[in-house]
Amino acid sequence: MANKTVKVGLVQLSCSPDVTENMAKTIAGVREAAAKGAQVVVLQELFRSLYFCDVEDYENFKLAEAIPGPSTETLGDLAQELGVVIVASLFEKRAEGLYHNTTAVLDADGAYLGKYRKMHIPDDPGYFEKFYFTPGDLGYKVFPTKFGNIGVLICWDQWYPEAARITALKGADFLVYPTAIGWHKDQAPDVNDEQYGAWQTIQRSHAVANGIPVVSVNRCGNEGDMKFWGGSFVSNPFGRIIFKASHDEEQIHVEELDFGKSDQYRTHWPFLRDRRIDSYQPITKRFLDEE
């Protein structure tokens with residue numbers, strides 16, 4: 001992997017109630033990223049629609065689709081045309097009454113490589129995801145694409161070092177996080193700063209602990225009571241921010257990652273070497289209050 005690089009495109013957009021419009025806008029974003037040299041293009045979480053999990057409404061289940069299905073077919077054709085890998089977050093209908101928050105990966109020849117189903121499902125004010133999504137059951141996934149092994153996680157997974165660690169241990173060259181997160185419109189600026197800082201810091205820590213880059217792509221714009229905070233970013237393997245997007249504006253950016261640097265960081269800071277895997281069994285328990 002020495003000297004192997006990949007150019008990753010981040011597509012940070014706002015969304016409207018019109019799914020057709022959102023798809024067209026996203027396709028234009030992928031084309032722009034490819035024109036800027038992107039080889040892998042990462043889309044934000046649930047890009048086809050507004051973030052519908054702010055309410056519990058049975059009508060929203062109509063937004064779901066099979067995976068593979070119409071969107072993966074459209075994006076697969078686009079990936080083949082442009083010669084890029086596309087990482088696409090979608091609302092999956094698995095069966096009648098069974099739904100997942102899922103990310104599909106289309107290789108640069110248009111082939112559907114598979115999907116990752118979000119493992120950690122939040123249930124907070126404005127983020128009622130447990131109403132819609134069954135927790136993932138495919139385990140943590142790494143997708144071998146033309147341009148590298150991509151470890152895919154989704155939004156709320158960001159807060160769990162276990163998820164990042166396992167995905168890294170499966171051979172990911174870098175981690176990607178399609179995301180939808182923001183601030184309440186009436187929230188104080190200092191609280192906003194603290195929340196964004198925590199969100200960015202935890203993901204940077206995954207880069208440091210695992211010695212690989214992290215790419216996080218968030219949406220922007222106002223939806224209901226929420227202002228999605230954008231701020232998509234790329235971290236190098238030691239947690240240094242090498243790109244950060246606007247909090248307010250749509251942005252298409254391409255950043256080059258150098259996989260060869262992961263060996264350098266892992267050699268000089270050998271966290272994987274020094275793991276005490278014989279001592280980690282307690283992590284499989286919910287809480288250690290009965291020992």
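**Close-up views of cavities, pockets and loops**

**View 1. Lining of the largest cavity.** The residues that line the largest cavity divide into 6 nonpolar, 2 polar and 1 charged. Here Ala, Val, Leu, Ile, Met, Phe, Trp, Tyr, Cys and Pro count as nonpolar, Asp, Glu, Lys and Arg as charged, and the others, including Gly, as polar. The model is predicted, so that local features need pLDDT of at least 70 and side-chain atom pairs pLDDT 80 or more, while totals for chains, interfaces and linings use all residues. Residues are numbered from 1 along each chain as its sequence is written, and side-chain values use heavy atoms, with hydrogens and water left out. The lining is made up of L46, F47, R48, S49, F52, L63, S89, L90 and F91. The volume of this cavity is about 70 Å³, and the structure holds 2 cavities of 30 Å³ or more. On a 1 Å grid over the protein atoms alone, a cavity is a set of points where a 1.4 Å probe fits but cannot get out; a pocket is an open set with protein on both sides within 12 Å along at least five of seven lines; lining residues have an atom within 4 Å of a point. Points are joined across faces, edges and corners, and a volume is the space filled by probe spheres set on them.

View 2. L46, one of the residues lining the largest cavity, lies in the loop between strand 2 and helix 2. Although L46 is not a glycine, its phi is positive, about 50°. L46 counts as buried because its relative accessibility is 3% (buried: under 20% relative accessible area with a 1.4 Å probe, protein chains only). P68 is found in the loop between strand 2 (40-43) and helix 2 (70-82), and a cis peptide bond with omega of about 0° joins I67 to P68. Helices (H or I, at least four residues) and strands (E, at least two) are DSSP runs numbered from the N terminus.

**View 3. The second largest cavity.** This cavity holds about 50 Å³ of space. Its lining includes V208, A209, N210, Y265, R266 and W269. Helix 4 (189-210) and helix 5 (260-268) each supply at least two lining residues, and helix 4 gives the largest share, 3 residues. By class, 8 residues of the lining are nonpolar, 2 polar and 1 charged.

View 4. C155 is located in the loop between strand 9 and helix 3. The phi of C155 is positive, near 40°, in a residue other than glycine, and C155 is buried at 6% relative accessible area. D157 is found in the loop between strand 9 (148-152) and helix 3 (161-169). D157 is buried yet has no salt bridge, and K118, the nearest side chain of opposite charge, is 6.6 Å away. A salt bridge needs a side-chain nitrogen of Lys or Arg within 4 Å of a carboxyl oxygen of Asp or Glu; Lys and Arg count as positive, Asp and Glu as negative, and His and the chain ends are not counted. The side chains of D157 and Y116 are joined by a polar contact of 2.8 Å (a pair of N or O atoms within 3.5 Å; within protein, one able to donate a hydrogen and the other to accept it, and residues adjacent in sequence counting only if both atoms are side-chain atoms).

**View 5. The largest pocket.** This pocket has a volume of about 450 Å³. Of its 27 lining residues, P125, Y127, I181, G182 and M226 lie nearest its centre. Strand 11 (182-184), helix 4 and strand 14 (226-229) are the elements that give two or more residues to the lining.

Notes: Buried < 20%, exposed > 50% of the residue type's maximum accessible area, 1.4 Å probe, protein only.
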